[in-house]
Amino acid sequence: MPRLIPASLLALLLAAGLTGCATAPGAPTPGPAPAAGAAREAALEALYAQHWERLLARSPEFASYLGDPRYNDRWSDARLEAIEAGIREDRATLAALQAMDLGGLSPAAALNARLFRLMLEQGLEAHRYRGFLLPISHDRGLQTAHEILEWMRLSTLKDHQDWIARLRAFDTRVAQTQALMEQGLAEGQLPPRVLMEKVLAPLARQQVASPEESPFYAPFRDLPASFSAAEQAQLRADARAAIAEVVLPAYARFSQFFRERYLPACPQAVGLSARPQGAAHYDFLIRLHTTTDLDAEAIHQIGLAEVARIRAQMEALKTATGFDGDLAAFFQFLRSDPRFFHPTGEALFNHYLQIAKRIDPELTRLFGTLPRTPYGLRPIPDSSAPYTTTAYYFPPSADGTRAGYFYTNLYRPDSRPIWEMEALTVHEAMPGHHLQIALAQELGAQPAFRKYGLEMTVFVEGWGLYSESLGEDLGLYRDPYSKFGQLTYEMWRAVRLVVDTGLHAKGWSRQQAIDYFRTHAPKAELDIVNEIDRYIGTPGQALAYKIGELRIQALRREAREQLGERFDIRGFHDAVLAQGAIPLDELERAVRAWIDRQRSR
């Protein structure tokens, strides 16, 4: 899964109107002459740019994430008044867009206008459900605030001084976050207790005995040699003082509030339907993450059908391995036999490197266009590794100074089976998230909101899951257990359709969801629990993978049937990726236009 927008920022960005699109309305009607259309496109570009600049100023962490250093000395203003002011700005932007005559636009400009409108509309709708009153999750928030360093590039003297200024402002950031949580207490907008209990350990790790032990001090342990001795001494002294005087006391105050007031008030119920406006909120999140009009029951039934189909394939492959036992016994064998696990995190990491290097030379078989931006591998930080997913992907920075990174979880290698590694690498790196996201960022004249702002989960994750099916064409899955790993990963995403809707629309308990997952996939117990907690914490997001992948597979079948021998897999993939992340109905238009072009050649 890509960390396109870090979870710690997501509530603020939803309030700012920067995420998601549902089904797009019709294209603007043709009208005026090209000159008038060009003028309107220029006016639209100016509107996009103004909105983007306001957004970066409202969310300095997001600007840092993109590699824009202008706001590196501050945190987002998380006061309720500031959030409401941002919403008023977005309403005004939407009104300005609606007042524009959009006739005569080029197809690309018309698509941008549709997506910009939907982005604003979805952000405004999201605000109604008060998600910004839940500013921390079980794996992201104040307890992991130092992880912003993972995507910041501190190289100059000013970079380090800005970080110290950000540390000096940390108590304000903590106080504002606490105020949002206090408001959540008053309104009954509270996360499940089982998730918040996972916050205690990382929060405790922030309360160190000396500033030098704090993860916030990390940039000062090995300063650039270009800094003079006096500059290095001053930076270290200023950093120690900021951590001792601001950061550590802020954590102490917040920890007391969290333990004594917030955690005891959090409910045992895990489904979104238990929260105020919960049912309507879940309906919105389904539309947001799938860009379809499917309801929870329809998605649940799709999931049940996919689970049955994939289970039959698993049964056949299990038999082909010669295993003597039923599928449950085979799952236990895969979860427990030492041959399927690396003894150390280092060995696990090195194996991922080897897989990635095997994939890269084979990509030209399937793609006509590959990204210029490189990617690398990194371990998930120790502070969040015990509580987060098996892997995730961080995109390149907007300014080109940071590569994309495939982050893999090395915590407890005895729970990270070898048979899942090929499918996981394909999904997170190439030809999955890195290929798709880096290409989108390299599209050139696209407005910034298209490249970096749309949380188009159904396209991004649908593509990631679809990419796993390409492994055999890339020389992977030669080992039957690795092939079973690919089926396991597809089953995992089918299970999500069942358990996410079960948890948030059908009243399932957490244990019921864990048991269903365990019955149908041989994922390790730690992964299963962390995954279920992820679905509890981010309702609807997990639906996007299978829904998106099924639509891409259907479009591929349609193209092959329509074109016959003229079907070109490289051309099909390039057509799917050519416009970046878009809603599924827009993807259908794009692929069918490509089919028509191939027919007429």
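## Helices α18 and α23

Phe-459, Trp-463 and Tyr-466 of α18 are in contact (heavy atoms within 4.5 Å) with Ile-569, Phe-572, His-573, Val-576 and Leu-577 of α23. Helices are DSSP runs of H or I with at least four residues, strands are runs of E with at least two, and both are numbered from the N terminus. The model is predicted: local features need pLDDT of at least 70, side-chain atom pairs count only at pLDDT 80 or more, and totals for chains, interfaces and linings use all residues. Residues are numbered from 1 along each chain as its sequence is written, and side-chain values use heavy atoms, without hydrogens and water.

α18 covers residues 457–468 and α23 residues 569–577. They pack at about 160°, with axes 12 Å apart. Axes are lines fitted to C-alpha atoms, for helices over the stretch in contact, and angles run from 0 to 180 degrees between N-to-C directions. α18 is therefore roughly antiparallel to α23 (over 145 degrees). The crossing is left-handed: the near helix is turned anticlockwise from the far one by less than a right angle.

## Helices α7 and α10

α7 (residues 170–187) and α10 (residues 229–265) have axes that come within 9 Å and cross at roughly 10°. The two helices are therefore roughly parallel (under 35 degrees). Residues of α7 in the contact include Phe-170, Val-174, Met-181 and Leu-185. On the α10 side, Val-246, Ala-250, Phe-254 and Phe-258 are among them.

## Helix α5

α5 (residues 107–127) has 21 residues. From first C-alpha to last, α5 reaches 31 Å, close to the expected 30 Å (1.5 Å times one less than the number of residues). The helix is mostly covered, with 17 of its 21 residues buried (under 20% relative accessible area, 1.4 Å probe, protein chains only).

## The three-stranded sheet

The sheet is open and mixed, in the order β1-β3-β2. Strands pair if DSSP finds at least two bridges between them. The edge strands are β1 (375–379) and β2 (391–394), each pairing on one side only. Neighbouring strands are turned by 25° on average, direction ignored.

β1 and β3 (residues 404–408) run parallel, joined by five bridges. Gly-376 has Tyr-405 of β3 as its bridge partner. Helix α15 (residues 421–428) packs on the sheet, touching β2 and β3, and its direction makes about 20° with that of β2.

β2 and β3 run antiparallel, with four bridges. Tyr-393 has Phe-406 of β3 as its bridge partner. Ala-391 and Tyr-393 point one way from β2, Tyr-392 and Phe-394 the other, and all are buried.

How values were computed:
Buried means under 20% relative accessible area, exposed over 50%, partly exposed in between (1.4 Å probe, protein chains only). Angles under 35 degrees count as roughly parallel, over 145 as roughly antiparallel, 65 to 115 as roughly perpendicular and the rest as oblique.
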